[in-house]
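Visitor: I would like to learn how to read the features of a model like this one. Please take me through them step by step.

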Amino acid sequence: MSRTNFDTLLEAGCHFGHLKRKWNPAMAPYIFMERNGIHIIDLHKTVAKVDEAAEALKQIAKSGKKVLFVATKKQAKQVVAEKAQSVNMPYVIERWPGGMLTNFPTIRKAVKKMATIDKLTNDGTYANLSKREVLQISRQRAKLDKTLGSIADLTRLPSALFVIDVMKENIAVREANRLGIPVFGIVDTNSDPSNVDFVIPANDDATKSVEVILDACCAAMIEGLEERKAEKIDMEAAGETPANKGKKKSVKARLDKSDEEAINAAKAAAFIKEDEEA
C-alpha cells in the first residue's frame with residue numbers, strides 16, 4: 001500500500017516546479033510537462049519515490065540509527081522541527097555549521113560545553129560570580145543552544161541526511177557525500193539530483209508540499225521504531241537478551257570538595273574568557 005497518494009500530493013502543490021523558469025536538465029526524468037515556463041513534476045514518480053524513501057527510512061529507524069533532518073529555508077523550518085521531534089531525530093533549521101559532519105568531534109565538544117555550563121549552573125558554582133560574568137556565560141549558552149541544541153543527542157555521525165532543498169543545503173549534501181552518508185532529499189526542478197541517493201521530486205518551496213512528504217516519511221519511521229520496540233520486548237520475554245556484563249568500576253581518585261570547587265571555578269573563568277575573545 002502506498003504511503004501517500006496522487007491526489008494528496010496534487011492538493012499540496014507538490015507538482016509545481018521552481019517558479020523562476022530555471023530548471024536543471026538532470027531533472028528531465030521527473031518532468032511531466034512544461035506549462036507557461038513552469039515545469040510540472042510527474043506526481044506518479046513522486047509517489048513511487050516517496051514510498052521508496054519511506055521504506056528505507058523505516059529500516060534505519062528500526063535499526064536504532066539516527067537521521068539528521070536539514071532545512072534552513074523559512075518555509076520549511078517549523079514543519080521540519082515538528083516532524084523531526086515527533087520521531088525523536090536530530091535536526092538543523094538554523095545556519096548549517098560548516099564541518100558539522102566532516103569535523104564532527106569539534107561539534108561534539110561544543111555540545112558538551114553546553115552540558116558543562118548546565119552542570120556548573122546547577123551545582124552552585126555560578127553563585128560566586130558577578131552578574132556580568134553570569135550574563136556572559138548565559139549568552140554563550142543561548143548561542144550554542146540556538147545552533148546546536150537540536151543535535152544535543154547526536155553522539156555519533158548520523159546514518160542518513162534528510163534535506164529540504166538540496167540546492168540551498170549543498171554544503172550539507174557535499175559533507176554527507178564525502179563521508180558516504182546516504183542523502184534523502186526533496187529535489188525541485190532547478191536542483192541537481194546526482195548527489196542525492198533517494199530523490200523525491202517535488203516542490204520544495206511550499207510548506208504544505210514539504211509537510212505532506214514528511215508526514216509519509218515520518219509515519220514510516222514511527223512504524224520502524226514501534227517494530228524495534230516490539231522485537232526488543234519479544235527478545236526479553238524469550239530470555240534472549242544478553243546478560244548485563246559488570247561495568248568496570250571507576251578508578252579515578254575522588255576529589256575533595258575544595259579541589260572540585262577550584263576546578264569548577266576554573267571552568268567558569270575559561271567560559272568567560274572565550275566569550276570576551278569571541
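Visitor: Which residues do ring pairs link into a cluster?

Guide: F69, F162, F184 and F198 are linked into a cluster by ring pairs. Keep in mind that this is a predicted model.

Visitor: How do I read an aromatic pair?

Guide: A pair of aromatic rings is described by the distance of the centres and the angle of the planes. Here the count comes to 3 aromatic pairs. Take F69 and F162. Their ring centres are 5.4 Å apart and their planes are at 25°, so the pair is stacked, the cut-off being under 30 degrees. This pair links distant parts of the chain: F69 sits in strand 3 (residues 67-70) and F162 in strand 5 (residues 160-164), 93 residues apart.

Visitor: Are F69 and F162 buried or exposed?

Guide: F69 counts as buried, at 1% relative accessibility. F162 is buried too, with a relative accessible area of 0%.

Visitor: What is the geometry of the pair formed by F184 and F198?

Guide: F184 and F198 are stacked, with 4.2 Å centre to centre and 5° between the planes. F184 lies in strand 6 (residues 183-187) and F198 in strand 7 (residues 198-201), so this pair ties together parts 14 residues apart in sequence. F184 counts as buried, at 0% relative accessibility. F198 has a relative accessible area of 21%, so it is partly exposed; buried means under 20%.

Visitor: What lies in the loop between strand 6 and strand 7?

Guide: D197 lies in that loop. D197 is partly exposed, with a relative accessible area of 49%. The C-alpha atoms of D197 and P182 are separated by 5.8 Å, and the two residues are 15 residues apart along the chain. Leaving out residues up to four places away in sequence, D197 touches I181, P182 and V183.

Visitor: How many bridges pair strand 3 with strand 5?

Guide: Strand 3 and strand 5 pair over 4 bridges, in the parallel sense. V67 stands opposite A160 in strand 5. V70 stands opposite V163 in strand 5. On to strand 4: 2 bridges join strand 3 to strand 4, and these strands run parallel. V92 in strand 4 is the bridge partner of V70.

Visitor: Which way do the residues of strand 3 point?

Guide: V67 and F69 point one way, L68 and V70 the other way, and all are buried.

Visitor: How do I read a nonpolar core?

Guide: In soluble globular proteins, nonpolar side chains tend to be buried together. The largest nonpolar core here has 38 residues, of which V67, F69, V80, F162 and I213 touch the most other members. Helix 2, strand 3, helix 3 (74-86), strand 5, strand 6 and helix 7 each give two or more residues to this core. Apart from residues up to four places away in sequence, V80 touches F69, A71, I93, I164 and L214. There is also a second, separate core of 28 residues, which includes L101, L144, L154 and V183.

Visitor: How do I check the span of helix 7?

Guide: Helix 7 (residues 207-237) has 31 residues and should span 45 Å at 1.5 Å a residue; its end C-alpha atoms are 44 Å apart, which agrees. Buried residues in helix 7 include V210, I213, L214, C217 and M221. G239 follows helix 7, and its phi is positive, near 70°.

Visitor: And the chain as a whole?

Guide: The secondary structure of the protein chain comes to 8 helices and 7 strands. Of the 278 residues in the protein chain, 41% are buried. Now take contacts between residues at least 6 apart in sequence: 67% of these join residues at least 24 apart.

Technical notes:
Residues numbered from 1 in each chain as written. Predicted model: local features only at pLDDT ≥ 70, side-chain atom pairs only at ≥ 80, totals over all residues. Heavy atoms only, no water. Phe/Tyr/Trp six-rings, centres within 6.5 Å; stacked < 30°, edge-to-face > 60°. Buried < 20%, exposed > 50% of the residue type's maximum accessible area, 1.4 Å probe, protein only. Pairing = 2+ DSSP bridges. Expected span 1.5 Å × (residues − 1). Core = buried A, V, L, I, M, F, W, Y, C linked by side-chain atoms within 4.5 Å. Contact = heavy atoms within 4.5 Å.
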